[in-house]
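Me: I would like to learn how to read contacts between domains, and then how to read a chain summary. Please take one feature at a time.

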Amino acid sequence: MNGFIDRTLSAICYSLCAEQAAGNEDGLQPPYNDVVRFVAGQMQRMPAFLRLGVRAATLLFGLSAMGRSGAPFHRLGPARRALHIASWRISRLGPCRDLIRFYESLAVVALYSRPDWTRPVLQPAQCQGQGRGRPPGERGE
Amino acid sequence: MVVGSGPGGAVTACVLAEHGRDVLLLEEGPNLPLGSCTPFSLEEMVQKYRCGGLTLALGTPKVPYVEARCVGGGSEINSGLYHRTPPDVLERWQREYGLQRATPSELEPHFASVERDLSVCTTPGPTPLASRKLEQGARQMGWRVLEVPRWFRYDGTAGPDGVPRGERQSMSKTFLPRALAAGCRLFPNTRVYGLIRNGLHWEVRARQPEGQITIAAETVFVAGGAVQTPFLLRRSGIKRNVGRSLALHPTVKIVARFDEEVNHEQLGVPVHQVKEFAPRTSFGCSISSPPHLALALIPHPGCSREVQRRWRQMAVYYAMITGERKGRVRALPGFESPIVRYQVGRQDLRDLATALRRLATLLFAAGARRLYPSIAGAPQLCSPEDLSRLPAVLPGGRTDLMTIHLFSSCPMGERLDRCAADSFGKVHGLEGLYINDASLLCTAPGVNPQGTVMAFARRNALHFLRRF
C-alpha cells in the first residue's frame, strides 16, 4: 500500500509540474524527481495525524481513478491524469479540493525554487559611507 | 531551567544568567547559524520550520501557520519587524484581564532595553520598491502609513536597487551568545515532554537523540511559544485556562502586477505597513520571491505564466486583522503534535473582505495594473470598478488564509477565570513554574508581536529576580 501511495504521489507531482511548465521556460521542464523528493520529504515531516489523513486521501485519489478510467492514477496517461486532478480540484467535497491544494502548494514552491529559475546574483553595490538607520520614532509614524 | 530558546526564552535565559543564576536552556530544535540557509527559502522550511512549515489550525477555512523549531526560535525565520505594544492594547489587557503594572511608562525601560540590544532601527537608505508602492498608494488615499523598524545591523553594502543590506539581529546573534557567555548552558535537540512537581522542585522530562533524560529544576520558565507551551502544560496535567484562548492575526493575500519592475532576486524584507484602520486591520507587503508569488497565484489557474514572464513586476501584499475568536490547543493521545483548532468567525470573514477591498483600492492608487486575490474562483481585478465583484464576506471554503502571528493561549493577569498565569508569568496555583512567551499576551495585539514578547519577557524575568 505504501508503494501505491508513493507512486500516486509521484504521479500527482509530475502532473502538477507539467501544468506549470506548459509551453514555458527551461527552468520548469522535467524531470521532476527533485520536486517528488521534496514533497515526499514534507510528507514525512508533517504532523503524524495530518500525514495519516493525507496518505489515506492519496490512496483514495489513486484508486478512484479506476472508476472512471479503469486504471489507478499512476498508470494513466498525462491527459487522463490531468482530468482526474481537475475533477478533484473543483469537487464539492472540501477534502478533495484540499488534497489537490496540498500537493499543488508543495510542488509549486519546489518548482519555482529551482536554482535555474533566477538570474545570477548581482554583486552588491557599495553604499556611500556606513549607514545606521534611525531608531524607532524618528521616521514614519 | 528555560524551555524554548525563541525570543521569550532567549531573553529570559540571558537576564537570569547575567544576574548570576544557574540556567539550563533546553531547545527542541537544532543549533544552526543564522546563515545556514537563504532566508525564506525551501531550505529554511526544511531546516528551521516545525514540520517543514506544514502546521495548520483546523477550521473553515483552515489557517496554516508557521512555527520555528531551531535555536533562536521565530526570530531566526521572521522578517524582524518591530513594534511596541499599542497603548490601547495594554489598557485593554489591564481592564479585561487584570494585568498589573503594565502601562506604557512602566514598560518603557524594557522596550528601550530590547531596542538597544537588538539595534532596532529604520532603513538608512531607500526601502524596497515593492514596499514603497504600499506607501505611495496609502499617501494617494490619505491613509496613515509608516516604515516599520527592524532588528537589523546594516553593513554598509547595498543591493542592486540601493536598498541597504546587513544582518538580522536574531536571538542567535544577540541574547543567546550573551546568555552563554554568562554561564548559561544550552541543550539543543532536546524536546521536553513532561513537567512533574516533585516536592520542592520540578522534574523536567525530555528526549534527546541519545535517549531520555530527567532534570530536576527549582524553577522552570516555559517559553515554547503559543502552541507548544500550552501543549506541554496540558500534557503535564496543567490545564486551567491553558490552551483555550489562542488568538491569531488572520491574513489574506493579494498579488499585484505593476507596469514597472518592483521585484528582484534580492528584494529583501518590505518594511511599510498601513495603519489607517488599526488596530483592527493592517496592510503590508510580503516576501515576494518567485516561489511565494507562484504560491499566491494558485487560486488563479493558468496565471503561473504571469510569474514566469513578469515576476519582476509583481509583489504579494496582505491584509491582516486581529481575530476576534479564540482557538484551542489540545494534545491528542498517542501523537507528538498538538491539535490546533481555530474557527474564523463570519464577522472576521466580513472584515477581511472589507480589508481586501481597501487594500486593492490602495494598490490601484499605487499604479497596479492587475490584482489577483487569494480566493479560488475570484476574478482578476483590472480596475477599481472590478472591486464590486469581490464578495462582501470571504467564502470560508475557498479563501486562502494564513498567519504567522499566534498568541494568547495562556494569558497573563489577575483574573483567575481567564488567566493561566499572573501578571508576571507565574502559573496560577503552582510554585516555581512560569510562562514567558507569546502565549502570555492577553489578546491579539494587532502588530508584529515579537517586541511585546521580548519586553514582557525581560520585565517578568527581572521581577522574578527581585522576588527571589
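Reply: In domain 1 of chain B, 15 residues are in contact with 14 residues of domain 2 of chain B. Two residues are in contact if their C-beta atoms, placed from the backbone, lie within 7 Å. This is a predicted model: local features need pLDDT of at least 70, side-chain atom pairs count only at pLDDT 80 or more, and totals for chains, interfaces and linings use all residues. Residues are numbered from 1 along each chain as its sequence is written, while chains are lettered from A and ligands numbered from 1 in the order in which they are written.

Me: Which elements give two or more residues to the side of domain 1 of chain B that touches domain 2 of chain B?

Reply: Helices (H or I, at least four residues) and strands (E, at least two) are DSSP runs, numbered from the N terminus. Here the elements are helix H3 (87-97) and helix H7 (225-235) of chain B. H7(B) supplies the largest share, five residues.

Me: Where do the domains of chain B run?

Reply: Domain bounds come from an automatic or database domain assignment. Domain 1 covers 2-48 + 69-118 + 169-242 + 407-467, and domain 2 covers 250-402. Their C-alpha centres lie 30 Å apart.

Me: What is the secondary structure of chain A?

Reply: Chain A has five helices and one strand, in the order α-α-α-α-α-β along the sequence.

Me: How many of the 141 residues in chain A are buried?

Reply: A residue is buried if 20 or more other C-beta atoms, placed from the backbone, lie within 10 Å of its own. In chain A, buried residues make up 35% of the 141.

Definitions and conventions:
Buried ≥ 20, exposed ≤ 12 C-beta atoms within 10 Å, placed from the backbone.
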